[in-house]
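Please look over the model below.

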Amino acid sequence: MGLEEARRRLREAKRVAVLTGAGISKPSGIPTFRDAEGLWKAFNPLDYATPEAYARDPKKVWAWYAWRIAKVREAEPNPAHYALARLEADLLARGGDFLLVTQNVDGLHARAGSKRLVELHGNILRARCEACGRRFPLPEAFPIPPSCPACGARARPDVVWFGELLPEGAWEKALRAFSEADLALVVGTSAEVEPAASLGRIAYTAGAYLVEVNPEPTPLTPLAHLSLRLGAVEGLEALYPLSSAPG
Ligand code: APR
């Protein structure tokens, strides 16, 4: 049940579901949350990533997001993002099915070419009007807080804060993909935040071959048929090398 088996299964799979977390974007220079140097080591999520924090001090929350947005704008997708976009294209080309569910809000999967993509926690480069609900991309420079281009009301970051619901339909799409997958791949997540953390277990319970890529063990590790103790770039290169012939 080693790497060779996982590679073969990835080449032969018909339905693949992938879950990514902050670890896949770390090589792109975007901080994780719970690592030694993660954001939640320096900032208290209760002060920045809850509706209550935003209601208390919207300018403070927006200033923190503007700081994160600047890092995201400087970042480039890395080979791990591109490997997943290639895997999607190869699977679709052979009549298979693929869904990439990300917890990340940095937009790097889309920039790497992923199309079958669900951004479970929203996107930090978009804002959402607090009055009319309109979503809009944030310009390079924007006032803090930004105003809705349609109705002028204040807009908030278009991300999911702790205690909030996931975007309409996102969870249902993710749940279906992981319930029906014959191979589930979980990359770069501590598997601690629900409901995303359950997707790997749901796939495993439904009979999927479960592969994890993470330099550290996680609660998912004991379930995985293969858990590569590697970074996303090295792990995806090992699982789905550039030379991987589709089909
Ligand atoms: N490649 C792959 N994984 C890595 C790498 C790397 N180069 N470096 C670190 N990791 C792993 C860490 O071992 C850790 O398990 O990435 C994981 C990052 O975990 P978190 O920081 O908890 O990030 P994530 O799992 O995405 O958090 C989930 O929590 O705060 C909320 O909404 C936020 O989407 C986020 C959610």
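1. Salt bridges between domain 1 and domain 2 number 0. The term requires a side-chain nitrogen of Lys or Arg within 4 Å of a carboxyl oxygen of Asp or Glu.

2. The model is predicted: local features need pLDDT of at least 70, side-chain atom pairs count only at pLDDT 80 or more, and totals for chains, interfaces and linings use all residues. Residues are numbered from 1 along each chain as its sequence is written, and side-chain values use heavy atoms, with hydrogens and water left out.

3. Domain 1 covers 2–29 + 77–121 + 166–244, and domain 2 covers 39–74 + 130–159. These bounds come from an automatic or database domain assignment. The domain centres, taken over C-alpha atoms, lie 28 Å apart. Each side brings 4 residues to the contact (heavy atoms within 4.5 Å).

4. About 360 Å² is buried between domain 1 and domain 2, with 53% from carbon and sulfur atoms. Buried area is the accessible area (1.4 Å probe) that two parts lose on being put together, summed over both. On the domain 1 side, V105, D106 and H121 supply 63% of the area buried against domain 2, more than any other three residues.

5. Now the helices (DSSP runs of H or I, at least four residues, numbered from the N terminus). The axes of helix 6 (residues 79–93) and helix 10 (residues 232–239) come within 8 Å and cross at roughly 35°. Axes are lines fitted to C-alpha atoms over the stretch in contact, and angles run from 0 to 180 degrees between N-to-C directions.

6. Which residues make the contact of helix 6 and helix 10? P79, A80, A83 and L84 come from helix 6, and A232, V233 and L236 from helix 10.

Terms used
Helix = DSSP H or I, 4+ residues; strand = E, 2+ residues; numbered from the N terminus.
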